[in-house]
Structure formats: structure tokens, C-alpha cells
Amino acid sequence: MMAIASDPILALAEPGPLRDPSVAYAWLRSYQPLFWHDDLKTLLVSRYQDATTVLRDSARFASDFRRVGENLPPAAISVQTLDPPEHTAIRHLLVDGLRQLDYGWLALTITEEARSRLAGLAEQPSFDFVAEFAEPLALSTVMRVLGVPEPDLAWFKPVADAIVDGMDAGVWPEVGEPAMAARAEISALADGWLMDPTAGGVVAFAAAQATKRGVDPAVLDNTFRVLAHAGYTSASKILSLGAVTLLNQPGALKRLAVGDPALAVEELVRYESPVRAITRVCVVDTSIGGCQLRAGDDVTVLIGAANRDPARFADPDVLTLGRSPNPHLGFGRGVHACLGSSLAALQARVVFSILAKYYPGAVLTAAPIFRRNLTLRGLATAQVALRPSEVRS
């Protein structure tokens with residue numbers, strides 16, 4: 001591997017790459033597709049083929065770092081960190097809980113809420129699409145799916161943001177401690193859900209089934225903390241990044257209106273890749289892409305770079321709303337593929353279809369501001385006007 005002049009991870013946190021990481025991704029894939037990061041002690045993987053190999057092979061590349069002798073605090077053990085066979089029982093429990101939901105009713109309620117929120121915001125000259133629309137809609141949706149009372153967004157948002165920031169503690173150690181405190185706050189909230197679950201949601205289903213399926217209640221508690229956070233954070237980032245992308249691309253809303261919204265959502269997830277990085281650990285001495293690795297070595301898959309790999313996607317830096325097939329890695333791959341991907345995609349289809357049908361003239365009124373995050377890519381603010389011509393008149 002050749003040396004490079006600057007840190008490719010810190011480069012992704014600069015203002016330019018935060019707005020458009022395509023050049024940084026292309027540089028990595030072309031010149032350092034397998035880059036050992038000395039400070040983080042991890043191999044950075046940026047090519048699609050290498051990325052899929054790591055994500056699919058949980059026998060060699062583990063999510064559960066206890067498999068290489070590392071200690072994990074009990075609060076860290078969830079469906080997200082367990083590997084098969086321990087992972088299998090809790091994942092099947094959650095999948096069955098999601099399957100018992102009424103998706104027709106869910107789509108209707110998301111539609112009604114999205115239309116109502118947007119109708120109110122359309123009367124304003126400009127509003128923050130992130131804080132005033134995407135985040136409250138994502139929070140209400142995930143809590144509806146879980147079947148639990150919706151917490152106050154003013155409390156939940158800073159706690160969730162602290163957890164996202166903490167994912168980058170390897171680069172910025174000062175964010176680690178606030179993230180641990182934030183996880184504890186959401187864990188306390190989840191404790192109450194399992195003690196008194198509301199009928200009809202995934203929490204009630206799982207609480208009733210967990211014991212006979214051999215799922216540890218503590219692991220289930222941790223898992224609902226993870227699902228609540230991910231359902232809010234990832235979904236709101238998909239909504240806000242997707243909306244900004246559509247508004248930045250001339251004619252994109254019109255193309256979406258006459259095309260297949262399902263394909264459009266998948267392409268927006270590929271193009272923007274809110275989940276930028278996923279880390280695994282080598283369980284055995286192995287190799288990837290010709291690079292030799294030892295048991296205990298970390299491997300970080302750069303999802304955004306893999307989703308822009310020209311070896312897998314034609315014109316990867318072009319937004320092609322009808323792209324098919326589209327085997328992107330935005331929702332992960334393998335046994336740890338995103339549990340809520342179908343729900344996030346449903347919500348995004350509803351919102352983007354409403355924008356295309358009722359607000360085709362929507363515009364950005366200021367340059368969006370990105371959060372300085374490396375693991376999850378997202379916006380701090382995005383000022384939007386839904387009816388700019390009507391406001392001016």
C-alpha cells in the first residue's frame with residue numbers, strides 16, 4: 001500500500017467532502033482501496049466487491065467483538081452486536097413482530113401526518129426541513145411502529161445527536177462520554193416500555209414472545225434502545241438528504257412524479273448513503289482483496305464509497321431515479337442488514353411522492369448545513385420554501 005499525504009478519514013469531515021464526498025471516495029477507491037489507518041487501527045475498505053465480502057461473511061468478519069476476546073459492557077449487547085447463532089433468535093423475533101404490523105394502516109397514517117405537516121409549513125416563507133419536518137415525522141413513525149408513547153422531541157433530539165456523535169469517538173475522543181450518558185437515557189426509557197407495553201406494536205409482540213423464544217430480556221431492552229434511535233436517526237437523515245438532493249437536481253421532482261417512487265428511494269439511499277461506515281473485526285487470519293489480515297484486526301467498510309463504485313454502478317455519481325437493478329449497501333447486507341429498511345423506504349416513498357405531487361416548485365432557500373459526522377451522514381439544517389411563487393405574490 002502506498003503512503004498518502006493526508007488522513008482520508010479526517011478529509012471526509014471537511015466542509016467540501018461533507019457536502020459532496022464523491023471526489024474523496026473516488027480517490028480512495030482508485031489509490032487506496034485497502035488503506036490501513038494507523039491511528040484508528042482499522043483497514044478502510046472502499047470498493048464494492050470487498051465491502052460486500054465483509055458484510056456477508058459473519059463467520060470471518062464479526063460484529064460481536066467478544067469473539068476476539070474483547071470485553072463489551074452488558075448495555076452494548078443487542079441485535080446490532082450479536083452474531084449467529086445468538087443473533088438468530090432475537091432477529092427472528094423482531095422480524096415476526098414487524099410482519100404483524102398493518103402496513104396499509106401505517107402507510108395511511110404516515111401519509112396523513114406528512115401531508116398535514118407539509119400543508120402547515122407551506123404557508124411559511126421558509127422552514128427548516130430537518131428540524132420542522134423530517135425529525136418529528138421520523139420520531140412519530142418509529143414510536144408508532146414500536147407501539148410506545150412518543151417522547152418529547154426537544155428531549156429526544158439532543159440525546160440522539162449525542163449518540164450519533166459518539167460513533168466517531170475513535171476520531172474525536174471527547175464525544176465518547178456524552179454518548180454513553182445519552183445511551184443510558186434512552187435505555188431508561190426503553191425499560192419502561194417493556195414493563196408496560198402498549199398492545200399492537202413490536203414491543204408488545206416481542207415482550208410476549210421473548211421468554212419462550214429464548215431471548216434475554218436485557219438484550220431485548222438494549223435492542224429497543226437501538227431500534228428507537230436508528231428508526232429516528234436513519235429515517236430522518238434519509239428524508240432530509242433525499243429531499244435536498246431532489247431539490248438540488250433540476251427536474252428531479254418531476255421525474256419522480258412520473259416514475260417508480262420505490263426505485264427512486266433506493267437510488268437516493270445509494271446516492272447519499274446516510275450510513276457511511278460499518279466496522280467488523282476479523283475472527284481468524286484471513287485476506288480481503290489480496291490484503292492479509294490477522295485475527296483481531298478491524299475492518300471498516302466505507303458504505304458511501306462502495307455505493308459510488310463504477311465497477312458495480314454505471315455512472316455512479318449521477319442520480320438515476322429509475323436505476324434497476326440497484327444492489328446498494330445503504331441498508332447493509334447479510335445477517336445484519338437493516339431491520340427497518342422496508343419501513344424507512346415506505347416513509348420516504350410517501351414523503352417524496354407528496355413533494356412531487358403537491359409541491360413540484362419547492363426550492364432550497366439557503367445552502368444546507370451538514371453535521372460533522374463520519375459514521376452517519378446528515379444535515380444540521382436545510383431551509384426550504386414549498387410554494388415560493390405563491391409566497392412572493
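A crossing of two helices is left-handed if the near helix is turned anticlockwise from the far one by less than a right angle, and right-handed if clockwise. I am working with a predicted model, in which local features need pLDDT of at least 70, side-chain atom pairs count only at pLDDT 80 or more, and totals for chains, interfaces and linings use all residues. Residues are numbered from 1 along each chain as its sequence is written, and side-chain values use heavy atoms, with hydrogens and water left out.

**Entry 1, H7 and H11.** I looked up helix H7 (residues 129-146) and helix H11 (residues 217-248), which pack at an angle of about 145 degrees with their axes 8 Å apart; axes are lines fitted to C-alpha atoms, for helices over the stretch in contact, and angles run from 0 to 180 degrees between N-to-C directions. Helices are DSSP runs (H or I, at least four residues), numbered from the N terminus. The crossing of H7 and H11 is right-handed. Among the residues in contact (heavy atoms within 4.5 Å) I noted Phe129 and Leu146 of H7 and Phe224 and Ala243 of H11.

I find 14 residues in helix H8 (residues 153-166), which reaches 20 Å from its first C-alpha to its last, close to the 20 Å expected at 1.5 Å a residue, where the expected span is 1.5 Å times one less than the number of residues. Buried residues (under 20% relative accessible area, 1.4 Å probe, protein chains only) include Phe156 and Ile163, and the buried residues of H8 pack against H7, helix H9 (176-195) and H11.

I located histidine 87 in helix H5 (residues 86-99), and it is buried, with a relative accessible area of 2%.

Methods
Helices (H or I, at least four residues) and strands (E, at least two) are DSSP runs, numbered from the N terminus. Buried means under 20% relative accessible area, exposed over 50%, partly exposed in between (1.4 Å probe, protein chains only).
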